[in-house]
Amino acid sequence: VRYNMHMTRNSKEIIEQTAFDIFSKGGYEALSMRELAKQSDVTLSSIYHYFSDKDVLLKALFDKTNTELGQKRALLPHRRNAHAMLKDRISFQFENIASVVFVLKYYLHFRPEFLRLDSGYVPAKAYLHIDEVISKGLETGEYSSEDPVTDAKIMAHAINGFLLEYYPDPPTGRELTKLVAEITDFLQRAMSVKGGGM
């Protein structure tokens, strides 16, 4: 079934989901409006009705994905120690791997458009969830850090590296549980008071 302007009820959602999938798996070069029309089975004119070009479409998807990730992250349980918080957050990243990879690829492609901060181009929001872990670790005495912001960025980048390595075929079940535990334990040791911090 080809969609047209008179059948717009689900067209926008189909366009967005298809664009999300193409971009997450193949990056910026893989996504063209023609390829999107082909894979979504939505006419090119219908796509342009909603989005004037692929950059506008990607920005809309980036904003939507970031918002959804933030809302889901806000539902993570409150923990009494940094180790449990870190494990929760690593599990969360893997459970939402497609969305996180989409955001990462967006940052990578559009990096010059982000405001350059003292801590780099990546907005603080991108590693806030790890900054919270480090704050908890410093509060509980689990962690040692001379530069918590830099350590949060390093930890976030390390976790994201694993996500990029495993996407689009992430581990599941016991393999995922083991991987999350190994990453958590490694980062926990790197930040521990005994280890002297990163």
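What share of the 198 residues in the protein chain is buried? I looked this up before anything else. Buried residues make up 42% of the chain, where buried means under 20% relative accessible area, exposed over 50%, and partly exposed in between, with a 1.4 Å probe and protein chains only.

**Ground rules.** I am reading a predicted model, in which local features need pLDDT of at least 70, side-chain atom pairs count only at pLDDT 80 or more, and totals for chains, interfaces and linings use all residues. Residues are numbered from 1 along each chain as its sequence is written, and side-chain values use heavy atoms, with hydrogens and water left out.

**Overall layout.** I found nine helices and zero strands in the protein chain. Both kinds of element are DSSP runs numbered from the N terminus: helices are H or I with at least four residues, strands are E with at least two. I then checked contacts, meaning heavy atoms within 4.5 Å. Of the chain's contacts with a separation of 6 or more, 69% are between residues 24 or more positions apart.

**The core.** I turned to the largest nonpolar core, which has 53 residues. Such a core is a set of buried Ala, Val, Leu, Ile, Met, Phe, Trp, Tyr and Cys residues joined through side-chain atoms within 4.5 Å. Leu36, Leu58, Leu86, Ile90, Phe94 and Ile130 touch the most other members. Helix α6 gives the most to this core, with nine residues. Nonpolar side chains tend to be buried together in soluble globular proteins.

I followed Leu36 further. Leaving out residues up to four places away in sequence, Leu36 touches Ile15, Thr18, Ala19, Ile22, Leu31, Asp41, Ile47 and Leu57.

**Helix α1.** I noted 16 residues in α1. From first C-alpha to last, α1 reaches 22 Å, close to the 22 Å expected at 1.5 Å a residue; the expected span is 1.5 Å times one less than the number of residues. Its buried residues include Ile15, Thr18, Ala19 and Ile22. The buried residues of α1 pack against α2, α3, α4 and α6. After α1 comes Gly27, with a positive phi near 80°.

**Gln93.** Where does Gln93 sit? I located Gln93 in helix α5, residues 82-95. Gln93 counts as buried because its relative accessibility is 2%. The side chains of Gln93 and Asn160 are joined by a polar contact of 3.4 Å. That term covers a pair of N or O atoms within 3.5 Å; within protein, one must be able to donate a hydrogen and the other to accept it, and residues adjacent in sequence count only if both atoms are side-chain atoms. Beyond neighbours within four places in sequence, Gln93 is in contact with Arg73, Val100, His129, Ile159, Asn160 and Leu163.
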